[in-house]
Amino acid sequence: MTETGSNRRITDRRKTLKSAKIVFNNKQSVIDCFVRDVSSTGAKLQVADLLAIPRSFTLMLNDGSSHECERVRAQGTEIGVRFLN
């Protein structure tokens, strides 16, 4: 499932610019990122290096919340993720 148009999304996304961390490899690997927009079902993240991002990971926000994620699209330095929890 690759949703590219905002008119095809199930829920509305809110624009934001929050720092977060992509955590994977049994919490041994951490990559900084920015959350560009977010909804109840997913988010758009800005990262420095797409090649370093695995297909599934935990997104840890600075407010202490976290989401298990699956990467559903990637373009340039942005990735779209679906929340699994």
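Reader: Where is the place of Lys 27?
Author: Helices (H or I, at least four residues) and strands (E, at least two) are DSSP runs, numbered from the N terminus. In this predicted model, Lys 27 has a positive phi of about 65 degrees although it is not a glycine. You will find Lys 27 in the loop between S1 and S2.

Reader: Buried or exposed: which is Lys 27?
Author: Buried means under 20% relative accessible area, exposed over 50%, and partly exposed in between, using a 1.4 Å probe and protein chains only. For Lys 27 the relative accessible area is 72%. Because 72% is over 50%, Lys 27 counts as exposed.

Reader: And what value is phi of Asn 25 near?
Author: Asn 25 also has its place in the loop between S1 and S2. With a relative accessible area of 48%, Asn 25 is partly exposed. Asn 25 is a residue other than glycine, yet its phi is positive, near 60 degrees.

Reader: What pLDDT does the protein chain average?
Author: Residues are numbered from 1 along each chain as its sequence is written, and side-chain values use heavy atoms, leaving out hydrogens and water. Because the model is predicted, local features need pLDDT of at least 70 and side-chain atom pairs count only at pLDDT 80 or more, while totals for chains, interfaces and linings use all residues. The score itself is the predictor's confidence in each residue, from 0 to 100. In the protein chain, 87% of the residues score at least 70, and the average pLDDT is 87.

Reader: What pattern does the protein chain follow when read along the sequence?
Author: The protein chain has zero helices and six strands. Read along the sequence, its pattern is therefore β-β-β-β-β-β.

Reader: How many bridges pair S4 and strand S5?
Author: Two strands pair if DSSP finds at least two bridges between them. S4 and S5 (residues 66–75) run in the antiparallel sense, and their bridges number five.

Reader: Which residue in the turn between S5 and S6 has a positive phi?
Author: S5 pairs with S6 (residues 78–83) in the antiparallel sense over six bridges, with Ala 74 standing opposite Ile 79 in S6. The hairpin of S5 and S6 has two residues between the strands. The turn residue with a positive phi, of about 65 degrees, is Gly 76.

Reader: How many residues does the largest nonpolar core have?
Author: In soluble globular proteins, nonpolar side chains tend to be buried together. A nonpolar core is a set of buried Ala, Val, Leu, Ile, Met, Phe, Trp, Tyr and Cys residues joined through side-chain atoms within 4.5 Å. Among the residues with the most contacts inside the largest core are Ile 22, Val 35 and Leu 59. The number of residues in this core is 18.

Reader: Which element gives the largest share of this core?
Author: Elements that give two or more residues to the core are S1, S2, S3 (42–46), S4 and S6. The largest share is four residues, and these come from S2.

Reader: How far apart are the C-alpha atoms of Phe 24 and Phe 57?
Author: Phe 24 lies in strand S1. Leaving aside neighbours within four places in sequence, its contacts include Ile 31, Pro 54 and Phe 57. Phe 24 and Phe 57 are 33 residues apart along the chain, but their C-alpha atoms are separated by 5.2 Å.

Reader: What relative accessibility does Asp 37 have?
Author: Asp 37 is found in strand S2 (residues 29–38). Setting aside residues within four places in sequence, Asp 37 is in contact with several residues, including Arg 13, Arg 14 and Lys 44. Asp 37 counts as buried because its relative accessibility is 6%.

Reader: Which side chain does a polar contact of 2.8 Å join to that of Glu 70?
Author: Glu 70 lies in strand S5, where it is buried with a relative accessible area of 18%. A polar contact is a pair of N or O atoms within 3.5 Å; within protein, one must be able to donate a hydrogen and the other to accept it, and residues adjacent in sequence count only if both atoms are side-chain atoms. At 2.8 Å, the polar contact joins the side chain of Glu 70 to that of Arg 82.

Terms used:
Contact = heavy atoms within 4.5 Å.
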